[in-house]
Amino acid sequence: MRLIIFFIALIANCSTLFAQTDSIRVWNKWCSRRDTPLLFTAANNLVQVYCPGMKPSEIKLKCSDWAMRIGKPEIKDDTLSVMAMPYPNKGKNMKLTISNAKTNKVLRTVNFGCDSVPKLKAWLGTIRTTEAYKKDILAQQTLKSSFPNSYYSYPYVIKSYTLRIQSPKGTATLNANGFFITKDVLQEINNAPIGATVEFINIKATCPECVMKTLDDIKIKIK
């Protein structure tokens with residue numbers, strides 16, 4: 001009878017361990033694909049770990065080689081977070097080992113990939129072309145910024161810009177704060193003739209703990 005109880009307890013413990021191993025979630029907060037373990041060179045990477053049934057303080061993280069370095073772990077609620085940085089010139093094996101801090105038993109090993117970050121680019125709403133109908137331009141509400149063709153999603157926000165409209169009638173300029181397309185800006189665009197070029201210049205963007213960036217101009221011809 002004792003032997004049966006022992007085996008039942010052993011199976012239960014194993015099931016719990018396997019469940020924890022399967023359910024451990026690891027992601028880079030600044031990667032838009034949560035299911036893709038990816039780090040970005042010369043960028044911000046915040047690796048986060050969550051394991052149902054375990055306290056974050058019971059989790060230990062370790063890099064297997066010099067191709068990936070991590071900082072001091074921080075705990076917030078039920079998630080363990082750590083700054084990470086890839087060094088692809090020191091190897092391709094960016095492996096993170098997740099262990100039980102009490103028993104040192106390895107719970108999961110995650111192999112991270114690495115990607116470079118393209119130049120931050122500004123967009124007028126959903127418009128991605130150099131020509132657009134006036135009604136489509138006027139339908140846009142904000143200037144947005146993103147890293148083209150990249151999963152990097154660090155939260156840059158546009159702080160200010162200048163509207164410049166060039167047409168045979170002359171050039172009109174208007175400064176605006178924030179990322180919204182203001183009523184004054186929309187009015188200037190609405191008054192512009194077909195064939196005029198709408199430009200958003202001197203676009204300033206920033207992010208938490210970042211210096212201000214000046215982004216490339218946006219030029220859209222009204223058709």
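This is a predicted model: local features need pLDDT of at least 70, side-chain atom pairs count only at pLDDT 80 or more; totals for chains, interfaces and linings use all residues.
Trp30 lies in the loop that runs between β1 (25-28) and β2 (38-40). Its relative accessibility is 16%, so Trp30 counts as buried, the limit being under 20%. Leaving aside residues up to four places away in sequence, Trp30 is in contact with Phe40, Asn44, Asn45 and Leu46, and also with Tyr151, Tyr152, Ser153, Tyr154 and Pro155. Met54 stands 24 residues from Trp30 along the chain, and the C-alpha atoms of the two are separated by 24 Å.

The model contains 5 salt bridges. One of them joins Asp35 to Arg33, with 3.1 Å between the closest N and O atoms. Asp35 is exposed, at a relative accessible area of 58%, while Arg33 is partly exposed, at 35%.

Another salt bridge pairs Asp216 with Lys119, where the closest N and O atoms are 3.2 Å apart. This pair connects distant parts of the chain, its members being 97 residues apart. Asp216 belongs to the loop between β16 (213-215) and β17 (218-222), and Lys119 to the loop between β9 (106-115) and β10 (121-124). With a relative accessibility of 42%, Asp216 is classed as partly exposed; Lys119, at 57%, is classed as exposed.

A salt bridge is also formed by the side chains of Lys135 and Asp136, with an N to O distance of 3.2 Å. Lys135 has a relative accessible area of 61% and is therefore exposed, the threshold being over 50%. Asp136 is partly exposed, with a relative accessibility of 30%.

Definitions and conventions:
Residues are numbered from 1 along each chain as its sequence is written. Side-chain values use heavy atoms; hydrogens and water are left out. Helices (H or I, at least four residues) and strands (E, at least two) are DSSP runs, numbered from the N terminus. Buried means under 20% relative accessible area, exposed over 50%, partly exposed in between (1.4 Å probe, protein chains only). Contact means heavy atoms within 4.5 Å. A salt bridge is a side-chain nitrogen of Lys or Arg within 4 Å of a carboxyl oxygen of Asp or Glu.
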